[in-house]
Amino acid sequence: MKRILLLLLCCLCFSLNPRIPLIKKPSLRSHLRASDQLEDFLKDHQVDVFSRRYSQCYPPTLVSLKPGKAAERLYNYMDAQYFGLISLGTPGQNFTVVFDTGSADLWVPSFYCVSPACASHHKFKAFESSTYIRDGRVFGIHYGSGHLLGVLAKDLLKVGSLAVENQEFGESVYEPGLSFVMTKFDGVLGLSYPSLSDELGAPVFDNLINQNKVEKPIFSFYLNNSPGKEGELLLGAVDEDLFVRPINWSPVTVKGYWQIKMDAVKVQGTTSFCKADANSCQAVVDTGTSLIAGPAMDILFLQQLIGATPTPFGEFLVDCSRISSLPVISFVINGVEYSLTGEMYVKKDVIGDRGVCFTGFQAVDITSLFGPMWVLGDVFLAQVYSVFDRGQDRVGFARLKARPTE
Ligand SMILES: *[C@@H]1O[C@H](CO)[C@@H](O)[C@H](O)[C@H]1NC(C)=O
């Protein structure tokens with residue numbers, strides 16, 4: 001009887017697994033475009049900034065810029081659209097963050113930040129929190145427009161129904177340029193392996209594991225586009241309501257990003273990229289990236305096959321009326337094919353009162369020890385249920401129960 005009760009209790013406490021709703025908002029890119037500022041913004045930011053985020057993946061001799069863990073992330077977040085709520089301190093102060101599997105750190109703006117970017121966001125008031133622990137060390141994260149600077153602190157973090165005690169995080173006191181002003185998020189919560197961390201101390205998910213707050217050392221993302229339920233991050237479990245088994249697992253090949261092996265990229269069923277003879281290729285599964293990125297040569301050829309035309313902004317336009325006749329692009333991972341139709345990989349945006357359509361593919365040259373690297377961002381992740389397993393160092397994809405309808 002006692003054992004049953006215990007079991008029941010246990011089930012109860014774990015049924016409180018935190019579902020963190022993710023909301024979808026217009027990206028920074030859409031805002032800049034709508035307010036006619038995209039061109040100026042991109043002029044002020046190096047075009048290679050995206051790849052600098054992954055600069056550590058280059059052999060050091062190939063990189064003229066400092067290979068660092070902290071590279072360009074804002075440009076990357078430029079298309080970010082999925083955000084969720086966390087709270088820091090006691091009583092809790094709310095922040096909207098990007099849950100980013102492509103970085104390890106947690107940071108939010110500090111009350112003492114006077115940068116214009118901080119004025120438009122929630123700021124952490126350390127003096128109002130009874131659980132705040134001063135650290136004093138300084139941190140910096142490099143962005144295209146300068147360094148984001150701040151001080152380290154520890155405090156109580158709440159994500160969903162879970163609490164993490166003494167979570168190390170950065171309070172930014174200086175956010176460079178105007179680029180952060182229009183972002184719809186206050187900060188970033190990194191979910192990668194700790195080796196990508198710029199801050200000292202364990203990343204949030206490591207603490208959740210160490211403090212025995214999660215049933216299993218896994219977390220799962222659902223990034224759908226359908227109205228009603230936009231997205232969900234579930235810590236410690238998978239949400240059986242959202243996907244159909246089996247889960248197709250791939251081992252993590254390098255424990256930094258969530259990096260796995262990809263067998264092939266097919267266009268209309270024909271293997272076109274990432275061919276099996278050439279050691280296949282590597283893919284980073286990255287919720288903080290919106291698009292799908294791949295080696296420049298491959299992506300340029302892919303855009304040709306799609307019939308997309310380049311813009312000066314490194315984007316590729318397609319005629320919106322052609323979407324239904326665009327080729328199917330498939331990604332083969334551990335023998336399973338994940339196919340994206342034009343409806344799934346084209347992003348629509350508005351200039352004035354005119355709709356424009358862009359492909360969701362972006363050129364980025366990154367090579368890892370194991371070959372050229374692709375980045376599977378939200379465009380891909382919206383079509384699958386994704387599970388990140390720190391216990392067995394693997395990433396799993398499963399078919400969604402309810403396919404997005406548009
Ligand atoms: C923080 O967000 C939660 C959930 O939306 C809400 O219930 C709470 O009132 C918010 N707290 C503050 C201080 O705004």
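Asp-100 is located in strand 4, which covers residues 93–100, strands being DSSP runs of E with at least two residues and helices runs of H or I with at least four, both numbered from the N terminus. The model is a predicted one, in which local features need pLDDT of at least 70 and side-chain atom pairs count only at pLDDT 80 or more, while totals for chains, interfaces and linings use all residues. Residues are numbered from 1 along each chain as its sequence is written.

An unreviewed UniProt entry places the feature "active site" at Asp-100 and Asp-286; such positions follow the numbering used here, feature names are shortened, and annotations may be inferred rather than shown by experiment. Although the two span 187 residues in sequence, no two of their C-alpha atoms are more than 6.8 Å apart, so they gather at one spot.

Asp-100 counts as buried because it has 24 C-beta neighbours inside 10 Å (buried means 20 or more other C-beta atoms within 10 Å of a residue's own, exposed 12 or fewer, and partly exposed in between, with C-beta atoms placed from the backbone). Leaving aside residues up to four places away in sequence, its contacts include Val-188, Leu-191 and Thr-287, contact meaning that C-beta atoms, placed from the backbone, lie within 7 Å.

Asp-286 belongs to the loop between strand 17 (281–285) and strand 18 (292–294), and is buried, with 28 other C-beta atoms within 10 Å. Among the residues that Asp-286 touches, again beyond four places in sequence, are Thr-101, Tyr-257 and Gly-377.

Notes. Contact = placed C-beta atoms within 7 Å.
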